[in-house]
Every structure is written in structure tokens, then in C-alpha cells.
Amino acid sequence: MAPDERGGRDLLAEWRGLMDSLVNSMATASGRASLPRELLAAMQRQLELAQDLFERERRVQRELTGRLTAPIDAAFDLLEESAVTLRRQAEALRAAGRALEETASLMKRQAELFERTIGSVRAPADRAKAVAGVDRRRRSSGDRKTKPAGRKAKPGERNAKPGGHKTKPG
């Protein structure tokens, strides 16, 4: 029980005890037994109304407190849900990162196998060229093949120009 509720009930109990004492004192002093009983009945009704008032006040305080704290509780609920969502996103990103690392590792292994395959296939051709005395043209790994130049026209031949017009070399 909350301290306010206990305090309110203690106050009512003290009041009831005081009223009982007052009624007993009045009954003894007046000698008329019906007067204290009527007074006691009125006081008991007053006590019941006071108890009802205290209970209503506590109920209103609980309702008011509940209504005032409802938005705060809702905000905390949303924050908790957001934390769960962020955790799930972090786990998904971690899994995606592992998948990307694994993919990169596999692609690197494929490149190594491809390079070894080219080396294995090229070795006999290089030996044959060496026996024949043909130099192998070396390219760095970053060079790209360029498109071979077109055949040059010999003197006296006509070159075809864009648009279909033929001209004599000049």
C-alpha cells in the first residue's frame, strides 16, 4: 500500500475512534441513550462519505497519473522497438559484410587459378617460340590491346573516305 493510502486510512481510523469516544462520552453525560445513537449514525454516515471521497480521490490520482505518463511510456516503447530494429540491421550488415568478404576471397582465388591456367597454357608456346628464335612480345598486366591500324594505301590507290567518295592520294 502506498504511504498516501495508508495515511488516509490511518486518519479515518483515528477519526472513527475519536467519534466513538465522543459518542460514549455524550451517552454517559446525557443519560438519554437514543441521542448518542442518532448522533453516532450521522457521524458514521459522514465517515462513510469521507472514506468514499478518499477512495475517489485516489482513483482520480491513479487515472490522472496514468494519463500523464502514457505518452512517456509510449515513447519508451518506441525507443525499445527502435533499438531492436537497429540491432537487427547491425546483424544483417555484419552478415552481408561476411558474405562480401567471402565473395572477394573466392574471386581472388579464381583470379589466381586463371593466372596459373594462362601460365600453364602459355609455357609450351613460349618454348616453341624460343626454339624457333621468335621473341615473345611482353605486355605489362595493365596494358590493353589496341585496335590494329588499318592497311595503308599504296601510292596510286584510292582511299575510301566516309560518305562513299573516292579520292586520289595527293
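User: In this predicted model, is arginine 45 buried, partly exposed or exposed?

Analyst: A residue is called buried when its relative accessible area is under 20% and exposed when that area is over 50%, with partly exposed in between. In this predicted model, arginine 45 has a relative accessibility of 46%. Because that value lies between the two cut-offs, arginine 45 counts as partly exposed.

User: Which residue forms a salt bridge with arginine 45, and how far apart are the closest N and O atoms?

Analyst: A salt bridge needs a side-chain nitrogen of Lys or Arg within 4 Å of a carboxyl oxygen of Asp or Glu. The partner is glutamate 48, and the closest N and O atoms are 3.6 Å apart.

User: How many salt bridges does the structure hold?

Analyst: One of them joins glutamate 48 to arginine 45, and another brings together the side chains of arginine 56 and aspartate 52. The side chains of glutamate 112 and arginine 109 also meet in a salt bridge. The number of salt bridges that the structure holds is 3.

User: Where do arginine 56 and aspartate 52 lie, and how many residues apart are they?

Analyst: Their side chains meet in a salt bridge, with a distance of 3.3 Å from N to O. Arginine 56 is partly exposed, with a relative accessible area of 46%, and aspartate 52 is partly exposed as well, with 30%. Both residues lie in helix α2, about one turn of the helix from each other, which is a separation of 4 residues.

User: What is the N to O distance in the salt bridge between glutamate 112 and arginine 109?

Analyst: These two residues are 3 residues apart in helix α2, and therefore about one helical turn separates them. Glutamate 112 is partly exposed, with a relative accessible area of 35%, while arginine 109 is partly exposed with a relative accessible area of 42%. Their side chains meet in a salt bridge whose N to O distance is 3.8 Å.

User: Which residues make the nonpolar surface patch of about 320 Å²?

Analyst: Residues can belong to such a patch when they have over 30% relative accessible area and no salt bridge. Isoleucine 72, which lies in helix α2 (residues 34–132), counts as partly exposed at 45% relative accessibility. The patch of about 320 Å² is made by Ile72, Phe76 and Leu79.

Note on methods:
Residues are numbered from 1 along each chain as its sequence is written. This is a predicted model: local features need pLDDT of at least 70, side-chain atom pairs count only at pLDDT 80 or more; totals for chains, interfaces and linings use all residues. Side-chain values use heavy atoms; hydrogens and water are left out. Patches are made of residues with over 30% relative accessible area and no salt bridge: like charges are joined within 9 Å, nonpolar side chains (Val, Leu, Ile, Met, Phe, Trp, Tyr) within 5 Å. Accessible areas come from the Shrake-Rupley method with a 1.4 Å probe; for residues, only the protein chains shown count as cover. Buried means under 20% relative accessible area, exposed over 50%, partly exposed in between (1.4 Å probe, protein chains only).
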